[in-house]
Amino acid sequence: MTALLPLLLLLTSLVPAAISFFLAQDSYGLRNALNLGGALLKAGLIVAMLFAVAGGAVYETTIPLAPGLVLLLKIDALALLFVSLSAALWLLTTIYAIAYFGTKPQQSRFFGFFSLCVFATTGIALSGSLISFFIFFELLTLSTWPLVSHKQDAASLRAARSYLLYALPCSTLLLVAIVWLESATGPVLFDETPDLDALDRSSQQAIFALFIVGVGMKAAIVPLHGWLPSAMAAPAPVSALLHAVAVVKAGAFGVVRVVYDVFGVARVTDLGVGMPLAVLASATILWGSIRALQQTEIKKRLAYSTVSQVSCIVLGAALASPYAVIGGLAHLVHQGLMKITLFFCAGIYDERAGVRDIAGLDGLGWRMPWTSACFSLGALGMIGLPPLAGFVTKIYLGIGALQAEAAWVLAVLGASTLLNAAYFLPLLARLWFREAAPDARGDERVPALVVPAVVAALAALGAGLLAASPLSPLGWATLITEREYLR
Amino acid sequence: MTALVALLALPLAGALAAVVLPHGAVRGMVPALSVAMLAATAVLVAGLSAQAPTRLKLGQWPPPVGIVLEVDGLAAALIAMTALVMTAAALAALRSEQPAAAGARAAFGFWPLMLLLWAALNAVFVSRDLFNLYVGLELLSLASVGLVAIGGKPEALAAAMRYMLFALVGSLLYLAGVVLVYAAHGTLDIGLLADRTPAKPDALALALMTAGLMAKTALFPFHVWLPPAHGSAPAPASAMLSALVPKASFVILLRLWFEAMPDRAQDGALVLLAVLGTAAVIWGSLRALLQTRLKLVVAYSTVAQIGYLFLVFPLAGGGSAEMPWSAGAWTGVLFLALAHGLAKAAMFLAVGQWMAVTGSDRLDAMRGLATAMPMTSFAFALAAVTLVGLPPSGGFTGKYLLMTSAFAAGQWMWALVLAGGGLLAAAYLYRPLAILFARADAPGPATLPTRGMQAIPLCLAGAAIALGIASETPFELLSIGRPAAAEDGS
Amino acid sequence: MTWALDATLCAMILAVALATVLGRGVFRAIVFFVVYGLLLALAWVRLDAVDVALAEAAIGAGLTGVLFLAAFGRLARSGADAEPPPGRVNIAAALASAALTGALVWAWVALPLPGRPGPELAEALPRAGVENPVTAVLLNFRAWDTLLESVVLLAALVGLWMLARDEAWTEPLGLPQHVRPGGVMASFGRILPPVGVLVGAYVVYVGADRPGGAFQGGTVLAAVGIVAALAGLVRPPRVTRRAWRAALVAGPAVFLAAGLGGAALGAGFLTLPERIAGSAIFAIEIALALSIAVTLAFLVIGPPETGLEDQ
Amino acid sequence: MSGVTLYALTGAALVGTGFFGLIAARHLLRRVLAFNLIGSGLFVYLGAAGARGGEADPVPQALIITGIVVALSASALAVGLIVALARARGRAMLPEEDVGG
């Protein structure tokens with residue numbers, strides 16, 4: 001039974017996906033029940049496993065494909081961190097999406113690919129070997145494309161093409177890296193760091209670079225970030241998925257796996273590739289913030305904010321000191337909770353008030369109090385206001401930087417905080433302190449849109465307030481770091 | 001043994017019957033025959049033991065007097081792929097009005113030619129005699145040319161003529177090599193040849209046969225006949241021609257270089273073959289990018305995909321034969337061949353359905369068809385995933401095995417060919433996919449193919465994906481009688 | 001003396017071949033080709049291969065020649081008989097051809113001494129059921145080749161029929177022939193058939209023991225049919241006539257049935273038990289000769305066509 | 001030079017002659033003629049090889065007879081294609097080679 005758990009976790013998304021494709025447009029009830037049921041089941045399974053994994057249990061399933069090609073699914077603490085994030089957010093997004101789409105057309109296709117995306121993300125989280133990781137990583141690429149192009153208008157198709165234009169070459173390089181590595185070491189499993197000494201130093205550095213390009217594209221590391229802002233053409237639930245549940249998270253998670261489980265901290269330091277990565281991440285943090293500042297569309301600003309924030313996770317991985325690792329891992333969850341709140345709210349503003357531009361937010365706070373409160377909570381968290389989640393992350397990263405003897409990172413963090421404030425605070429000011437335009441509309445009459453936003457915002461708040469609890473994201477990240485990387 | 005005889009005799013008998021019987025009876029016979037072939041294939045594969053491939057001495061005459069047939073993993077896998085593709089193409093042809101639309105002529109000719117093609121493919125896959133392979137190849141070529149000519153339009157005739165000329169040259173070059181082999185060794189049996197002392201003219205014979213088979217396989221620069229031919233045949237015929245026919249001559253190349261004359265393989269020649277394969281990948285892909293007719297995109301893609309197959313020569317032939325990476329290269333290439341066959345057939349059958357609906361295969365006529373025909377479009381997308389080599393598909397398994405082998409052998413440039421080729425494939429397949437999934441300008445077509453009809457290409461594309469998901473069974477099958485592994489056997 | 005004879009023959013063959021390739025006009029090339037086939041038949045006699053000589057004379061020179069001449073006539077009707085003026089001398093083609101010949105000559109010199117399945121063949125021949133070793137190879141040892149070859153003919157014919165125009169599909173095969181009554185062709189056409197049928201049947205019959213067999217005999221029979229059709233004595237059948245289509249497949253069908261019969265009796269696919277091998281081969285040869293005759297005749301006569309002028 | 005060798009060399013020369021015709025000629029009928037020349041040249045070469053060392057080997061003879069029939073089948077289909085192509089295009093040449101003249 002326990003060997004089947006990883007498989008079961010995958011099936012909770014795969015089965016709704018497979019059935020959704022074949023449902024007629026008007027089978028609303030069945031489709032909603034399927035997707036919600038799958039999401040609930042998955043959440044339930046994860047809760048059931050949390051305590052066992054905290055106590056040291058590991059669930060493993062092996063599916064041999066061909067010699068050297070083994071699909072290994074394994075639930076360890078790091079996998080569970082990511083999978084519980086994506087499962088929880090999937091549940092919220094599903095509720096939100098059902099309300100968002102209402103009776104709009106092509107829903108079977110949407111929910112089919114949406115669940116397939118979550119299936120791929122779960123697979124990425126559970127992958128215990130490099131090749132399994134790659135298989136699910138590519139599956140994620142493919143199942144995201146129909147979602148980004150869902151509206152089928154020119155902008156969506158352009159965005160979807162741009163996504164593939166980044167994703168396919170980068171994943172090809174990832175495959176080259178994997179094959180190059182495995183031709184020297186044999187299949188790479190994440191629980192035993194492979195012996196790379198068969199390769200010379202420059203080959204190892206080249207492979208590391210290929211890996212970072214391969215997974216970094218999904219994490220939107222500069223200069224591989226261009227696809228993310230243009231993907232804003234997609235419907236709001238897709239943005240939530242891209243920015244919080246699946247895609248960029250998979251990229252950041254991939255960086256963590258590569259640094260800690262493929263190369264190992266010691267070898268990364270020895271090869272001298274950690275610092276360049278940290279510099280790249282820092283550059284991304286600053287560049288994303290600066291670009292966010294220049295945007296006048298809410299969703300575009302949020303998108304560049306994601307570019308910036310996700311690189312905090314990469315920065316934590318690159319610095320590789322204990323506090324930095326904890327901060328980075330915790331931010332994987334923190335950023336997801338805060339960003340999904342913001343995107344849910346942006347979608348509600350668009351749907352219920354017809355507001356897409358920042359200028360349209362004037363005075364909306366009082367007209368749409370729940371949404372605006374959530375939005376404010378998310379934005380303040382992103383800035384890093386104590387005691388919210390973003391603050392916790394930044395403190396840990398800062399200490400980690402000092403541990404890693406990279407004091408310059410403090411300047412980056414400080415600058416980024418200022419920039420975050422510069423691009424979020426004006427929004428809050430408009431929401432709460434400006435007069436509404438005379439013809440402004442806006443209501444919150446669809447609870448299924450608002451409730452997920454509220455829940456996500458409360459979770460983000462809780463993650464910060466209860467950071468000391470062992471089951472908080474920070475507590476869990478500490479557990480992972482102690483168990484896996486400081487052996 | 002019985003299964004093997006059935007796999008050879010059934011399509012032959014079916015073809016003879018299809019010439020004589022009235023059209024209605026032929027339509028009734030074809031599904032039954034396909035089922036029987038699938039069953040025989042299943043028995044054949046199940047009966048194959050890992051130790052020794054099945055051998056059949058025809059007429060009980062041992063070589064060099066008689067002809068020997070042998071089913072190894074390679075032959076069994078290709079026979080199985082052929083059975084799937086043929087069954088799908090036959091069902092598609094039965095259900096579509098296309099062959100019949102051209103009148104009684106096409107409706108009469110399609111079935112005998114198709115069944116003769118099937119018989120020829122199976123005969124080539126199992127034959128161990130170089131001259132018998134020649135006769136099989138001729139049967140294959142003539143039936144193929146006939147299928148192209150069914151189209152009837154002037155461009156189809158020109159395409160068939162060009163195909164014919166290349167086929168003739170290919171046959172003669174191959175025959176020249178066979179003549180030299182017999183003159184030098186007094187036998188045409190592949191097994192006996194492997195044990196003979198090499199003779200001086202062997203290199204020339206091998207070169208001539210290889211050149212001829214390259215023309216038949218449409219390897220760059222001998223590919224010019226393929227796109228117009230596959231682009232102007234009826235869709236079910238194109239599916240067979242593109243998915244299966246080039247594989248037959250490729251199998252003979254494998255038999256020659258790895259089984260009949262492995263010790264005569266020069267490193268330079270092996271590399272040259274792979275270089276031509278690389279050129280095919282690049283040139284075929286670039287040409288596919290420029291086409292405005294979907295059938296030609298798919299046909300040029302075959303030119304490119306055939307290129308991959310020739311990477312096997314430097315990685316598993318010559319000095320590499322005894323190296324640990326040769327097995328991966330050999331199996332990887334066969335995975336690619338199988339996946340390409342299934343996916344390419346799915347693509348042509350899908351295009352055929354769109355053509356039946358829109359009356360054209362121009363790319364811009366396909367706009368928004370995904371809404372009206374989601375299953376067919378999904379089949380095309382899955383097939384594209386396989387051809388690009390993305391996981392989880394048979395194409396990915398093949399690419400992964402080949403790339404690993406290339407890096408292990410230190411010949412990383414072939415890995416880059418595979419990687420770059422995948423990107424090029426993504427580029428030329430993206431265009432039709434984006435058009436299919438774009439929003440339709442006009443209301444969808446009035447009459448659509450039934451769901452059953454749409455399911456045919458989907459099943460084939462699904463099989464190409466399943467080849468990657470459940471790749472262990474085909475992997476083991478392909479290992480049976482693998483030349484490098486079978487050095488102890490005779 | 002014999003050497004001089006061989007040398008002269010070879011020189012003539014080469015000269016005629018060169019004329020076929022280089023001579024002016026397609027029609028002349030075809031005529032040279034027919035002469036070439038006849039000379040080649042002589043060469044086969046010199047090489048002690050009388051079976052091949054018969055096949056070459058009947059098929060290589062005779063039938064192929066008629067095929068080309070008939071095609072030339074049809075091209076003339078479409079105005080496509082003219083050849084473009086020869087362009088520049090194609091040096092690359094000449095070099096490639098010379099290299100090919102050179103390579104084959106080199107190979108001949110480098111060939112090891114006779115490699116042939118001598119002892120194994122000598123041991124197998126007495127059990128083959130026929131005296132003529134060539135027939136033994138064709139219909140017993142390498143029966144699979146021959147069975148496939150007989151369906152190659154069928155594939156070519158079905159392919160050829162696919163070249164018919166849809167509106168002509170139900171017409172009789174080939175172009176309608178109008179022959180002057182009392183002309184040479186008409187009287188030739190009246191005399192030849194009975195003689196030809198006799199000769200053809202004889203060639204099939206002796207094939208078991210002496211040179212001859214289904215292919216050579218079938219070709220003679222085909223020639224009879226072609227001449228009769230060209231002479232306007234008979235109108236070729238329509239594709240829709242099922243009896244004729246049955247005649248096309250009779251040979252391969254009997255052959256395949258015999259092969260499967262061997263498998264059913266437990267002897268093995270295409271295995272002719274020694275006791276009945278002789279009579280089985282004879283039966284196969286008769287059926288094959290029939291099918292070969294009809295198929296070859298249809299191949300030369302061409303796909304169904306309307307008598308109307310084109311376009 | 002023995003008689004057999006003489007025929008082998010003739011065969012080799014026929015192959016070259018035919019090959020030249022196949023490449024250089026543009027009228028398709030002549031190309032198919034050239035194809036037949038190559039085929040028969042190869043058969044002569046094979047027949048000569050089988051006739052080495054006294055008694056004739058029956059196997060090449062059987063192969064050659066099969067080969068002659070196969071060549072005729074291919075020629076018939078090719079010739080039919082030429083006729084059909086000429087009817088459609090008015091020329092017995094491939095479109096891409098139909099320049100000048």
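Reader: Why are α3(A) and α4(A) called roughly antiparallel to each other?

Author: This is a predicted model, and in it helix α3 (residues 77-101) and helix α4 (residues 107-126) of chain A pack at an angle of about 170°. Angles over 145 degrees count as roughly antiparallel, so α3(A) and α4(A) get that name. Their axes are 9 Å apart.

Reader: What makes the contact between α3(A) and α4(A)?

Author: On the α3(A) side you'll find A79(A), F82(A), V83(A), S86(A), W90(A), A97(A) and F101(A). From α4(A) come Q107(A), F110(A), F114(A), V118(A), T121(A), T122(A), A125(A) and L126(A). To count as a contact, two residues need C-beta atoms within 7 Å.

Reader: And how do those residues divide into nonpolar, polar and charged?

Author: There are 11 nonpolar and 4 polar residues, and no charged ones. Phe and Trp count as nonpolar, for instance, and F82(A) and W90(A) are both in the contact.

Reader: How do you know whether the radius of gyration of chain A agrees or disagrees with that of a compact globule?

Author: Set the two values side by side. With 487 residues, a compact globule would come out near 23 Å, and chain A has 21 Å, so the values agree. Along the principal axes, the C-alpha atoms of chain A fill a box of roughly 70 × 55 × 45 Å.

Reader: How many helices and strands are there in chain A?

Author: Chain A has 20 helices and 2 strands. Residues 127-415 of chain A are 77% helix and 0% strand, and the end C-alpha atoms of that span lie 36 Å apart. An unreviewed UniProt entry annotates those residues as "domain: NADH:quinone oxidoreductase/Mrp antiporter transmembrane".

Reader: What about chain A and chain C: how far apart are their closest C-alpha atoms?

Author: They lie 36 Å apart, and no contact joins the two chains. Chain A doesn't touch chain D either, with their nearest C-alpha atoms 37 Å apart.

Reader: Which chains have the most contacts between them?

Author: Chains C and D do, among the 4 pairs of chains that touch. Here 64 residues of chain D are in contact with 75 residues of chain C. On the chain D side, α1 (3-24), α2 (28-50) and α3 (58-89) each supply at least two residues. The largest share, 24 residues, is from α3(D). Sorted by class, the chain D side has 40 nonpolar, 18 polar and 6 charged residues.

Reader: What are the domains of chain C, and what separates their centres?

Author: The domain assignment gives domain 1 (1-105) and domain 2 (131-311). Taken over C-alpha atoms, their centres are separated by 25 Å. The contact takes 13 residues from domain 1 of chain C and 15 residues from domain 2 of chain C. The side of domain 1 that touches domain 2 has 9 nonpolar, 2 polar and 2 charged residues.

How values were computed:
Residues are numbered from 1 along each chain as its sequence is written. Chains are lettered from A and ligands numbered from 1 in the order in which they are written. This is a predicted model: local features need pLDDT of at least 70, side-chain atom pairs count only at pLDDT 80 or more; totals for chains, interfaces and linings use all residues. Axes are lines fitted to C-alpha atoms, for helices over the stretch in contact, and angles run from 0 to 180 degrees between N-to-C directions. Helices (H or I, at least four residues) and strands (E, at least two) are DSSP runs, numbered from the N terminus. Angles under 35 degrees count as roughly parallel, over 145 as roughly antiparallel, 65 to 115 as roughly perpendicular and the rest as oblique. Domain bounds come from an automatic or database domain assignment. UniProt positions are given in the numbering used here, feature names are shortened, and annotations may be inferred rather than shown by experiment. The radius of gyration is taken over C-alpha atoms; the globule rule is 2.2 Å times the number of residues to the power 0.38.
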